[in-house]
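Please read them with the coordinates open.

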Amino acid sequence: MVAEMKHKGLKIGLCLFFAVMIVATVAAENIYYDSLPFVTTGEAKKAGLSESFDLVGHVAYGKKKNTLFSEFNFQSVTFLKQDGDTVAEGDGIYSVSPEEVLLLQKTLELEAETLKEANEAISETGDLSYLEKDESLQYEINTLKIKETEKKIARLQELYAAGGVVAAGEAGEIRYLGTSGSAMSAGAPIAEIEGDSGKRWITWQLPAETGVLFGTGDSVETTLSVKERKAAMSVDTVTVSRHVSLTIEEMEFSPENQSYSFKASVPEDLTLDMADGTKLSLVFQYQSEVEYGNVVPTQAVIMDGQNEGYIYVVNSRQMVYGKEYYVTKTHVEIQRSLPTDTALTNLPEDAVFVTSSTKELTDGAAVKLMEPEEEEEEEQTEEE
Amino acid sequence: MRKKRSTAVLFTVMLLTAAVSVFPLFSVFLNSFTDPTSLALSTENSSKLFFLPYPISLSQYYSSILGTRETLHFFWNSVILTVPVLCGGVIVSLLSGYALSKFRFPGRKIAFFCYVLLMLLPIQINVVGSYLLFDKLHLIGTYLGVILPGIFSPFGAFLIYQFMKSIPDNTLESGRLDGANEIQLLIKIVIPQVKAGIASMVILMLIDCWNMVEMPMAILREENLYPLSVMLRYVSASDPRIIYASTIVFTIPLFLIFLLLKDHLTEGIAQSGEIKA
């Protein structure tokens, strides 16, 4: 009886052991495959490098600066506007006391008279032919001085008639260069007026890595979009797009921002309502003129600590339990790199490389290849 | 007094010998329940022997069975090789033993002599000949190249021959007179009388086949076909901490089957002793 039970127990034990081994085989397989990272793969193509740009630009009105200088030595100049004020043509910018103007005028008149008398002393008739050379030269100098002085006198008379107020010759934003109430020497700058030069620019910025693709004189075929009001008094806007060709006229690199600023004139045939500072949407593409032998997605290239690039190339090997895919770290030389594509050299021919992975990869690590249907499903899930 | 002293000395010697024999397996069994990290640390720093596992952990078994696929893969390779050899070997041995023991045909003695000679030769000598033969038969790199030599092993036929010799010929004659053919005689009369012998043969063939190393290494070219007896070193090389658990897992089916059939084995040994007597 005991022996029979022992026998039965051993048979059950043996069956149980093999059952556990069968279940463990299936479980171990699942555990192993679940631990492997999913990777998407790609192949290098022979193509030029292209990059799409979709960025925000601005409309900028060209400015020109006009500096106003003091015409005479004034004892006290009073500024009539504040720094940053917008002045129209004819607006008073600064004033001088009429008495001072009159005093200057009379002083100059006296000066002119003195010069005239000096000339009369040299030649009453004005005939210089019988004069010595130095005398005729002095006569001419005096004559020229008289003309200059008379001009100044005429200007002072105008100023006196205007009550000592100097007006702006053009519209713009004013900036004073001195202190109100202080003396001003003749020829000293008093104010600057920054006015509209009439030039219209479209400006945009690009990071250094993509900005280097363009140069002054390059043409950029872009789709330009701007929001316009549906009607003059309406708050509703509509996006209007135009396809234009912009020629880069200026570009400047900013070391602080590590970016390039670009300026292109607004095409004359572009009839969009664009005020100074209007935001624009610019969409354009860059295509390299040179064709590269190995162009891969930039996300496939990884930079290591020594700033050298490498990619993971997918290979297959026969393992004890079947075929398995694994990755090998392959160093590559980067010819040129853009945010989307990178051109490489010394990539093995027909190499299949990893473009993305669900886990961090190491050299020799086993991987699972994501099927194209699974990749689409994952992209759809990400979008949702 | 002298007899008691000599018995005590003999007993001590036997005990020590048994301890030395059993200790490796005992150590493997205990160390299989030791945490792999502490096991690795201890073996790095010293060559201490562990008598009690501390801390007790089943993580070695988990790592061996579920943590790596190799152990189970090679385990099933062992099963794939062993089961056909056992089943085929039993059938072929019964038929050969019956023919050698109960039939009189020209060349019977020469055939029996060849069986004994082959049985006495070490397997290493047979390997080269087997390789050349199976190469001509295009069986190199296949399981059949390992299974066929196991099935037609001379040891099983010899063992069954010894057990069948004791069956009286008149029993078979009376069966023949009743109209039974040879196969019926074998199945209904002979086999029930040599169950102990069959059990002995199964155990011994199982041990031989489960632990075989030379034939798989010679015949099978690909590592993924090797049994666990060959690849246990590979499994432990990939992760030395699971060697103890893998060894125990490898031993368990053999142990269970032995326990199941050991009564028949002892009965068989007893019967063969009676036969000799």
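This is a predicted model: local features need pLDDT of at least 70, side-chain atom pairs count only at pLDDT 80 or more; totals for chains, interfaces and linings use all residues.

1. Every value below is computed from it, and local features need pLDDT of at least 70.

2. Makeup of chain B. The chain has 14 helices and zero strands. Read from the N terminus, the order is α-α-α-α-α-α-α-α-α-α-α-α-α-α. Of the 277 residues in chain B, 40% are buried. Take the contacts in chain B with a separation of 6 or more: 75% of them join residues 24 or more positions apart.

3. Helix 6 of chain B.

4. Burial in helix 6. B:Val127, B:Ser130 and B:Phe134 are buried in this helix. Their spacing is worth a look on the display. An α-helix has 3.6 residues a turn, so residues three or four places apart point the same way. The cover over the buried residues of helix 6 includes helix 7 (144–151) and helix 12 (214–219) of chain B. After helix 6 comes B:His138, with a positive phi near 60°.

5. Interface size. How much area do chain B and chain A bury between them? The figure is about 2,000 Å², with 75% of it on carbon and sulfur atoms. The size of an interface is often given as the accessible area lost when the parts come together. Chain B gives 21 residues to the contact, and chain A gives 22 residues.

6. Polar terms across the interface. The rule finds two salt bridges between chain B and chain A. One of them is the pair A:Glu324 and B:Arg69, at 3.7 Å from N to O. The count of residue pairs in polar contact is three, both residues being at pLDDT 80 or more.

7. The chain B side. Which elements give two or more residues to the side of chain B that touches chain A? They are helix 3 (59–67), helix 4 (70–102) and helix 14 (243–276) of chain B. Helix 14 supplies the largest share, eight residues. By class, this side of chain B has 15 nonpolar, two polar and four charged residues.

8. B:Arg69. B:Arg69 is in the loop between helix 3 and helix 4 of chain B. Is B:Arg69 buried or exposed? B:Arg69 counts as buried because its relative accessibility is 5%, and the cut-off for buried is under 20%. Besides the salt bridge to A:Glu324, the side chain of B:Arg69 makes a polar contact with the side chain of A:Glu29 at 2.9 Å. Within its own chain, B:Arg69 is 166 residues from B:Val235 in sequence, yet their C-alpha atoms are 9.5 Å apart.

9. Positive phi in chain A. A:Gln258 has a positive phi of about 55°. A:Gln258 is in the loop between strand 10 (237–254) and strand 11 (259–265) of chain A, and is partly exposed at 45% relative accessible area. A:Asp350 also has a positive phi, near 55°. A:Asp350 is in the loop between strand 16 (341–345) and strand 17 (352–357) of chain A. With a relative accessible area of 65%, A:Asp350 is exposed.

Methods:
Residues are numbered from 1 along each chain as its sequence is written. Chains are lettered from A and ligands numbered from 1 in the order in which they are written. Side-chain values use heavy atoms; hydrogens and water are left out. Contact means heavy atoms within 4.5 Å. Buried area is the accessible area (1.4 Å probe) that two parts lose on being put together, summed over both. A salt bridge is a side-chain nitrogen of Lys or Arg within 4 Å of a carboxyl oxygen of Asp or Glu. A polar contact is a pair of N or O atoms within 3.5 Å; within protein, one must be able to donate a hydrogen and the other to accept it, and residues adjacent in sequence count only if both atoms are side-chain atoms. Helices (H or I, at least four residues) and strands (E, at least two) are DSSP runs, numbered from the N terminus. Ala, Val, Leu, Ile, Met, Phe, Trp, Tyr, Cys and Pro count as nonpolar, Asp, Glu, Lys and Arg as charged, and the others, Gly among them, as polar. Buried means under 20% relative accessible area, exposed over 50%, partly exposed in between (1.4 Å probe, protein chains only).
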